Amino acid sequence: MTSKRCFMENSVVKTLMIGILFLTLVFGGTVMAKETAKIGVIVVDIQGDFTKLKNGSLAVEGTDEAYIKAVEEGTKRLKEAGFPIFATQDWHPANHISFFTSHKRKKVFDVIKLHRKEQVLWPPHCVQKSLGAEILIDNKLFKAIVKKGTDPRYDSYSGFKDDGGKRTEMDTLLKKNKIERLVIYGIATDYCVRATALDAVASGYKVILIKNLCRGVAPDTSQKAIEEMKAKGAVILDDIDLKKIKGN
Ligand code: VGL
Ligand code: ZN
């Protein structure tokens with residue numbers, strides 16, 4: 001009698017244990033899979049020429065030491081959370097078409113029509129191998145640095161492709177790393193951050209923009225750019241919020 005009851009209890013316990021194990025595997029598996037939906041980071045153009053800190057040729061408002069420090073600290077946090085970090089680097093030849101100096105009778109910040117688009121003529125900046133082209137945060141943070149704007153004929157605000165339609169290695173790199181969601185921030189909100197984020201959305205990535213880690217060339221175009229990114233489906237966060245980044 002006692003041994004029979006004991007046997008019954010044992011089998012009930014066994015069934016329960018197998019059930020719990022099964023449920024843990026199934027539900028735990030899905031929850032885990034969701035949590036590991038892979039997140040990557042793109043740090044856009046944190047280069048000397050875009051900063052006040054380095055007296056850059058195209059220095060953007062608010063790019064002081066505190067800003068660069070905030071970008072570096074934020075990037076470290078995201079790396080420690082396990083996300084692969086990618087950077088874009090504006091990397092122009094000295095005769096690049098976006099430089100006003102490459103056009104006769106043109107002044108800095110003139111706007112011309114180029115390849116059927118409006119092109120701002122910038123001061124020469126981020127010339128290949130120059131000091132101003134260097135990325136200002138610890139380069140060891142990056143899994144890869146994607147150079148852009150290397151073709152003298154085309155500008156490339158986007159880290160994904162230039163104005164001639166030639167793709168960089170960004171999308172291949174992200175796909176290789178199984179990235180589905182992208183945290184994006186950097187310089188400039190209204191140019192390279194905007195173009196990179198919009199191309200990321202168009203390429204099927206879920207985009208999270210960290211507003212306080214972005215700086216723009218002008219307030220009105222920056223505000224417009226943020227609204228545009230939001231309208232296209234990007235999530236705008238004021239600051240890094242790991243819970244929201246993982247759960248959004
Ligand atoms: C950028 C203007 C020219 C940028 C690059 O990084 O936003 N802006 N080249
Ligand atoms: Zn440029």
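Trainee: Leaving aside neighbours within four places in sequence, which residues is T51 in contact with?
Mentor: In this predicted model, T51 is in contact with G56, A59, T63, I68, L136 and I187.

Trainee: And where does T51 sit in the fold?
Mentor: T51 belongs to the loop between β1 (39-44) and α2 (65-80).

Trainee: Is T51 buried or exposed?
Mentor: Buried, because its relative accessible area is 0%, and buried means under 20%.

Trainee: Let's switch to T196. Which helix is it in?
Mentor: T196 is part of helix α4, which covers residues 189-202. T196 counts as buried because its relative accessibility is 0%.

Trainee: Which backbone oxygen does the T196 side chain reach?
Mentor: That of C192, at 2.7 Å.

Trainee: What is T196 in contact with, apart from neighbours within four places in sequence?
Mentor: The list is I42, V44, Y157, S158, G159, F160 and I184.

Trainee: Which residues surround ligand 1?
Mentor: D45, F50, D90, W122, H125, Y157, I187, A188, Y191 and C192. Among them, D45 has a polar side-chain atom 2.7 Å from an oxygen atom of the ligand. D90 has a side-chain N or O atom 3.0 Å from a nitrogen atom of ligand 1.

Trainee: On to the zinc ion, ligand 2. Which residues coordinate it?
Mentor: D90 through OD, and H92 and H125 each through NE2, at 2.0 to 2.2 Å. D90 is also one of the residues surrounding ligand 1, and H125 is another.

Trainee: How are the zinc donor residues spaced in sequence?
Mentor: The pattern is D-x1-H-x32-H. H92 lies in the loop between β2 (85-90) and β3 (111-114), and H125 in the loop between β4 (117-120) and β5 (144-148), so the two histidines tie together parts that are 33 residues apart in sequence.

Trainee: Are H92 and H125 buried or exposed?
Mentor: Both H92 and H125 are buried.

Trainee: What angles does the zinc site have?
Mentor: Among the four donor atoms the angles run from 87 to 172 degrees, and the site is classed as irregular.

Terms used:
Residues are numbered from 1 along each chain as its sequence is written. Chains are lettered from A and ligands numbered from 1 in the order in which they are written. This is a predicted model: local features need pLDDT of at least 70, side-chain atom pairs count only at pLDDT 80 or more; totals for chains, interfaces and linings use all residues. Side-chain values use heavy atoms; hydrogens and water are left out. Donors are N, O and S atoms within 2.8 Å of the metal (3.2 Å for Na, K and Ca); water is not among the atoms, so sites may look incomplete. Four donors count as tetrahedral if all angles lie between 85 and 135 degrees; four count as square planar and six as octahedral if opposite donors are over 155 degrees apart and all others between 65 and 115; anything else is irregular. Helices (H or I, at least four residues) and strands (E, at least two) are DSSP runs, numbered from the N terminus. Buried means under 20% relative accessible area, exposed over 50%, partly exposed in between (1.4 Å probe, protein chains only). A polar contact is a pair of N or O atoms within 3.5 Å; within protein, one must be able to donate a hydrogen and the other to accept it, and residues adjacent in sequence count only if both atoms are side-chain atoms. Contact means heavy atoms within 4.5 Å. A residue is near a molecule or strand if one of its heavy atoms lies within 4 Å of it.
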